[in-house]
Amino acid sequence: MVRMSMEPRRFLAVADVADVLGSTPGAVVELLEAGELRGVRVRGAWRVADDEVQAWIDRELELERRRGLWRQAQTPSIVDLFGER
């Protein structure tokens with residue numbers, strides 16, 4: 001028999017997640033309902049594990065980094081626009 005020790009997860013209410021993200025509770029509920037942020041309903045109220053909030057932040061930061069690289073790759077240089085002199 002394998003015994004696993006599990007750290008207890010800390011769950012946050014929607015208002016707490018909104019504070020962490022600098023957002024509104026309504027925006028957090030939209031993320032939850034769209035499946036972009038994972039959570040569970042407990043007696044009708046959403047709860048989100050704090051590590052899920054961090055995972056969402058990490059995913060968003062990676063997406064923004066990639067968008068920045070894409071924009072940078074798509075930005076023409078002066079030489080691209082006007083040729084070499």
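**Walking through the fold**

Mentor: To start with the overall picture, the chain has four helices and three strands. Keep in mind that this is a predicted model.

Trainee: Thanks! Which pattern does the chain follow along the sequence?

Mentor: Reading along the sequence, you get β-α-α-β-β-α-α.

Trainee: And how much of the chain counts as buried?

Mentor: Of its 85 residues, 16% count as buried. As for contacts between residues at least 6 apart in sequence, 43% join residues at least 24 apart.

Trainee: OK, on to the inside. Which residues make up the largest nonpolar core?

Mentor: There are twelve: L12, V14, V17, A18, V28, L31, L32, L37, W46, V48, V53 and W56. Helix 1 (14-21), helix 2 (25-34), strand 3 (45-49) and helix 3 (50-74) each give two or more residues to this core.

Trainee: What does L37 touch, leaving aside neighbours within four places in sequence?

Mentor: With those neighbours left out, L37 is in contact with V17, V28, L31, L32, V48, E52, V53 and W56.

Trainee: Let's look at W46. Where is it, and is W46 buried or exposed?

Mentor: You'll find W46 in strand 3. W46 counts as buried because its relative accessibility is 15%, and the cut-off for buried is under 20%.

Trainee: What's around W46?

Mentor: Not counting residues up to four places away in sequence, W46 touches L12, A13, V14, V29, L32, E33, G39, V40 and R41. Take L32 from that list: L32 and W46 are 14 residues apart along the chain, and their C-alpha atoms are separated by 8.2 Å.

Trainee: Which residues are buried in helix 3?

Mentor: E52, V53 and W56 are the buried ones. The buried residues of helix 3 pack against strand 1 (11-13), helix 1, helix 2 and strand 3.

Trainee: How many residues does helix 3 have, and what does it span?

Mentor: Helix 3 has 25 residues, and from its first C-alpha to its last it reaches 36 Å, close to the 36 Å expected at 1.5 Å a residue.

Trainee: How do helix 1 and helix 3 cross?

Mentor: Their axes come within 11 Å and cross at roughly 35 degrees. Helix 1 passes helix 3 in a right-handed crossing.

Trainee: Which residues meet there?

Mentor: From helix 1 you have V17, V20 and L21, and they meet V53, W56 and I57 of helix 3. Divided by type, the residues of that contact are six nonpolar, no polar and no charged.

Trainee: Nice. New topic: what is the phi of R43?

Mentor: R43 has a positive phi of about 50 degrees, although R43 is not a glycine. R43 lies in the loop between strand 2 (40-42) and strand 3.

Trainee: And is R43 buried or exposed?

Mentor: R43 counts as exposed, because its relative accessibility is 88%.

Terms used
Residues numbered from 1 in each chain as written. Predicted model: local features only at pLDDT ≥ 70, side-chain atom pairs only at ≥ 80, totals over all residues. Heavy atoms only, no water. Core = buried A, V, L, I, M, F, W, Y, C linked by side-chain atoms within 4.5 Å. Buried < 20%, exposed > 50% of the residue type's maximum accessible area, 1.4 Å probe, protein only. Contact = heavy atoms within 4.5 Å. Axes fitted to C-alpha atoms, helices over the stretch in contact; angles between N-to-C directions. Left-handed = near helix turned anticlockwise from the far one by under 90°. Nonpolar A, V, L, I, M, F, W, Y, C, P; charged D, E, K, R; others polar. Expected span 1.5 Å × (residues − 1).
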